[in-house]
Amino acid sequence: YYYITSKGEHCYTEFDFQPGDFFVFGSETQGLPEELLTANKGSCLRIPMVPGARCLNLSNSVAIIAYHALSKQMFRGLS
């Protein structure tokens, strides 16, 4: 499991995602619970942003992460 959060220590591009990996996103307004992030600190990933900018909306964040994970799989199963 990978937890996508603006508080993540690792950039999402640092990982080679594999089949069976799961991505957990929080709501646009509240994000993921702090206790979940604390318990899974090494699996918390962020999308780099300009300092002080608002966060990306949820659908854009999902698209960025999902497409990157698919690219790591060489888009297997897609035409």
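This is a predicted model: local features need pLDDT of at least 70, side-chain atom pairs count only at pLDDT 80 or more; totals for chains, interfaces and linings use all residues.

**Salt bridges**

Side chains of opposite charge can pair when their charged atoms come close.

| Salt bridge | N to O distance |
|---|---|
| E34 and K7 | 3.0 Å |
| K41 and E9 | 3.7 Å |
| K72 and D16 | 3.2 Å |

In the pair of E34 and K7, where the closest N and O atoms are 3.0 Å apart, two distant parts of the chain are linked, since E34 belongs to helix α1 (residues 34-39) whereas K7 sits in the loop between β1 (2-4) and β2 (10-11), 27 residues apart. The relative accessible area of E34 is 44%, and this residue is therefore partly exposed, while K7 has a relative accessibility of 53% and counts as exposed.

The side chains of K41 and E9 form a salt bridge at 3.7 Å from N to O. K41 is found in the loop between α1 and β4 (44-46), and E9 is found in the loop between β1 and β2, so this pair ties together parts of the chain that are 32 residues apart in sequence. With a relative accessibility of 48%, E9 counts as partly exposed.

The salt bridge between K72 and D16 has an N to O distance of 3.2 Å. Here K72 lies in helix α2 (residues 58-72) and D16 lies in the loop between β2 and β3 (23-25), so the parts that are tied together are 56 residues apart in sequence. K72 is partly exposed, its relative accessible area being 36%, whereas D16 is exposed, with a relative accessible area of 53%.

**Positive phi angles**

Which segment holds M74? M74 lies in the segment after α2, and although this residue is not a glycine, its phi is positive, at about 60°. The relative accessible area of M74 is 70%, and the residue is therefore exposed, because exposed means over 50%.

F75 also has its place in the segment after α2, and it too is not a glycine, yet F75 has a positive phi of about 55°. At a relative accessibility of 29%, F75 counts as partly exposed, because this class lies between the buried limit of under 20% and the exposed limit of over 50%.

How values were computed
Residues are numbered from 1 along each chain as its sequence is written. Side-chain values use heavy atoms; hydrogens and water are left out. A salt bridge is a side-chain nitrogen of Lys or Arg within 4 Å of a carboxyl oxygen of Asp or Glu. Helices (H or I, at least four residues) and strands (E, at least two) are DSSP runs, numbered from the N terminus. Buried means under 20% relative accessible area, exposed over 50%, partly exposed in between (1.4 Å probe, protein chains only).
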